[in-house]
Protein chains: 4
Amino acid sequence: MTELTPVMTASEIEHFLDTQFSEVHVDGRVFSVIDVSPAKTTLRLDPIARHLRPGGTVSGPTLFALADVCAYLVILAHIGPMKHTVTTNLNINFMHKPKPGPLNCVSTLLKLGKRLAVVNCDILDENKTIVAQATATYSIPSK
Amino acid sequence: MTELTPVMTASEIEHFLDTQFSEVHVDGRVFSVIDVSPAKTTLRLDPIARHLRPGGTVSGPTLFALADVCAYLVILAHIGPMKHTVTTNLNINFMHKPKPGPLNCVSTLLKLGKRLAVVNCDILDENKTIVAQATATYSIPSK
Amino acid sequence: MTELTPVMTASEIEHFLDTQFSEVHVDGRVFSVIDVSPAKTTLRLDPIARHLRPGGTVSGPTLFALADVCAYLVILAHIGPMKHTVTTNLNINFMHKPKPGPLNCVSTLLKLGKRLAVVNCDILDENKTIVAQATATYSIPSK
Amino acid sequence: MTELTPVMTASEIEHFLDTQFSEVHVDGRVFSVIDVSPAKTTLRLDPIARHLRPGGTVSGPTLFALADVCAYLVILAHIGPMKHTVTTNLNINFMHKPKPGPLNCVSTLLKLGKRLAVVNCDILDENKTIVAQATATYSIPSK
């Protein structure tokens with residue numbers, strides 16, 4: 001995968017989110033694109049009250065959403081804003097309960113084919129512990 | 001798995017949600033327990049605007065949450081209100097985009113061990129089409 | 001999925017295996033197609049010594065192979081002998097250690113699209129206990 | 001996971017395979033432990049004819065077995081020879097068809113708990129392309 005080169009910058013992806021996928025901001029601007037580099041994208045989540053569980057952790061659906069959005073964005077960063085790319089499968093392992101604070105998801109393209117992309121996602125807390133890990137498959141629409 | 005017998009009724013589970021896991025009602029009472037039977041639980045989702053995607057479908061994180069809550073409840077229905085049962089792995093396949101309307105999740109216990117439970121979840125739309133399917137593993141705390 | 005109709009019979013599938021995919025018989029005729037019906041195919045495995053583990057169970061790779069072959073066959077049963085259909089993802093849960101004896105895999109089409117198929121596989125022992133369960137995604141070649 | 005330290009060396013693991021899990025050598029000595037380091041183990045497969053598919057690739061069940069054995073070994077390398085550690089879930093993505101030649105699997109501990117371990121496996125060909133990726137969960141027996 002060494003030859004992969006992004007075709008969108010972090011700010012172009014932020015603009016795409018704002019104009020084409022604004023429902024991701026339903027809870028305010030909790031997601032921020034931190035970095036786009038060859039085969040990788042990092043997305044940060046700053047959780048708000050509705051993402052937390054009593055006892056003090058970030059909810060499973062919130063971690064799922066973070067992985068799913070970040071995986072989608074690493075694909076778009078490399079193929080352009082093909083909005084209708086869709087998740088077909090996502091497998092997520094919950095390893096440690098994250099504390100209620102910012103989380104970074106690092107998504108890496110494992111495969112970028114014409115029809116399918118496979119992405120690995122590591123969700124890390126502020127101590128760089130991997131609290132959850134996901135792999136996901138996306139179907140890329142025909143041009 | 002023929003010998004499995006629920007130890008909580010649908011209304012006891014609703015009561016558990018209201019008193020012990022009320023964050024599930026953050027968006028209002030969108031989840032309702034429809035049925036509890038041996039090895040099975042059915043949970044209904046009545047989506048509201050924030051669960052939808054433009055173009056008219058229910059979002060992936062919403063389907064994930066429906067499967068995850070329903071799988072958790074089928075376990076509790078059979079072991080009692082052991083709140084600290086946690087998801088360790090969830091694999092979800094998105095087969096068809098559901099229309100924006102009520103969805104039923106049917107969760108079936110594939111295994112109920114002392115330490116681990118494995119659950120299958122079928123998410124069906126009003127035409128009984130399986131729009132998404134998940135399997136999940138939960139860790140059951142020691143007594 | 002009610003409208004799905006097989007386009008190959010069990011004996012046509014057996015013939016396909018013998019002539020096009022004979023490596024499945026590397027250990028002798030351990031796999032037999034038991035049934036083909038709308039959206040379903042049942043494949044039987046009669047394990048031999050090399051499929052067993054000391055202590056008396058069938059090995060994980062053998063259960064994987066049973067699920068993978070059976071899922072492939074339920075797709076071909078419904079689209080015809082498109083040999084180059086390939087597994088892109090397989091998620092398997094091991095619930096109970098099977099005794100060393102015959103196992104049946106029942107594969108059910110959850111989705112049969114033009115490009116992707118999703119299949120559920122239940123592996124049952126002679127007491128009808130589900131010892132393992134898998135879901136798999138296959139990529140279907142363009143015609 | 002920085003604090004993880006192996007408690008077995010590569011040659012101790014090879015000895016464990018030879019004496020306690022010799023069925024892994026049913027096809028001859030196709031698996032070799034290449035490296036054991038903190039949180040990681042590398043296992044090499046030298047495929048023989050029965051692992052190949054016509055057209056020239058390594059079969060899916062062979063890749064599954066490589067990931068499963070390597071994940072099992074990285075756990076044992078860090079907890080000692082607890083033979084009855086068992087796979088409960090394995091999710092594998094097949095990205096590229098490997099050519100018929102040696103493959104390396106690199107397994108990394110994502111979590112090593114008292115009851116559960118989660119492992120990531122990357123299977124690489126001789127060009128360091130990731131041909132398949134797996135994540136697996138293992139249940140660790142009580143001492």
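Reader: What makes up chain A in terms of helices and strands?

Author: Chain A holds two helices and eight strands, where helices (H or I, at least four residues) and strands (E, at least two) are DSSP runs numbered from the N terminus. This is a predicted model, in which local features need pLDDT of at least 70 and side-chain atom pairs count only at pLDDT 80 or more, while totals for chains, interfaces and linings use all residues. Residues are numbered from 1 along each chain as its sequence is written, chains are lettered from A and ligands numbered from 1 in the order in which they are written, and side-chain values use heavy atoms, with hydrogens and water left out.

Reader: What makes C:Ile13 and C:Phe16 in helix 1 of chain C count as buried?

Author: Buried means under 20% relative accessible area, exposed over 50% and partly exposed in between (1.4 Å probe, protein chains only), and in helix 1 (residues 10–20) of chain C the buried residues include C:Ile13, C:Glu14, C:Phe16 and C:Leu17.

Reader: How do you know that the buried residues line one face of helix 1 of chain C?

Author: Seen down the axis, they fall within an arc of 155°, taken from the directions from the helix axis to the C-beta atoms, so they line one face of the helix. On the other side of helix 1 of chain C, C:Ser11 and C:His15 are exposed.
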